[in-house]
Amino acid sequence: MAKFLIVEARFYDHLNDLLVKGAGDELRRNGHEFDVMTVPGALEIPGAIATIADSGRYDGFVAIGVVIRGETYHFEIVAGESARGVMALTMDGVPIGNGILTVENEAQALERADPARKDKGAEAAKAAMALLSIAEQYS
Ligand SMILES: Nc1c(NC[C@H](O)[C@H](O)[C@H](O)CO)[nH]c(=O)[nH]c1=O
Ligand SMILES: CC(=O)[C@@H](O)COP(=O)(O)O
């Protein structure tokens, strides 16, 4: 049994709820425990994980968020920098599954967040578990 932290950027409540449910159910199905922490937006996810990672309280993390393209370049910043931050931590050996959706519209987000459809929350949880398993075997 491992302990995971789901870090969710609570920007679109109804979509977040679906993603967190998918991630949590997947962790539970695999016999793991988890807590959920909320941050304001996807840009805060890497910083939150970086702050917590060294505490030793969690074995892995699942990043959950939804970034929907708006009218300005802001989308590129939020989508790109949140992914870059998560990836940088992953390269430092922190097991993180990236479940931050970066989509054109709400319909695309809903299709991916819904556990009955693409279930990207579960996919991110699986990625976090896979990275943790590698870390346990090789470090
Ligand atoms: N536009 C979206 C954001 N923007 C907010 C940023 O993530 C950040 O919280 C703000 O710039 C303060 O640092 N966040 C999302 O998660 N999704 C969006 O669509
Ligand atoms: C992430 C985004 O692009 C969006 O939420 C911001 O919208 P806008 O570019 O219209 O300010």
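Within what distance do the axes of helix H2 and helix H3 come, and at what angle do they cross? The axes of H2 (residues 45-53) and H3 (residues 74-91) come within 8 Å and cross at roughly 20°. H2 is therefore roughly parallel to H3, a term for angles under 35 degrees. Axes are lines fitted to C-alpha atoms over the stretch in contact, with angles from 0 to 180 degrees between N-to-C directions. Helices (H or I, at least four residues) and strands (E, at least two) are DSSP runs, numbered from the N terminus.

This is a predicted model: local features need pLDDT of at least 70, side-chain atom pairs count only at pLDDT 80 or more, and totals for chains, interfaces and linings use all residues. Residues are numbered from 1 along each chain as its sequence is written, and chains are lettered from A and ligands numbered from 1 in the order in which they are written.

H2 contributes Ile45, Pro46, Ile49, Ala50 and Ala53 to the contact, and H3 contributes Ser82, Gly85, Val86 and Leu89 (contact: C-beta atoms, placed from the backbone, within 7 Å).

The shell around ligand 1 has 13 residues, the closest being Ala9, Phe11, Gly41, Ala42 and Leu43 (C-beta atom, placed from the backbone, within 6 Å). Strand S3 (60-68) and H3 each give two or more residues to this shell, and S3 has the largest share, four residues.

| Contact of H2 with H3 | seven residues | two residues | no residues |

How values were computed:
Angles under 35 degrees count as roughly parallel, over 145 as roughly antiparallel, 65 to 115 as roughly perpendicular and the rest as oblique. Two residues are in contact if their C-beta atoms, placed from the backbone, lie within 7 Å. Ala, Val, Leu, Ile, Met, Phe, Trp, Tyr, Cys and Pro count as nonpolar, Asp, Glu, Lys and Arg as charged, and the others, Gly among them, as polar.
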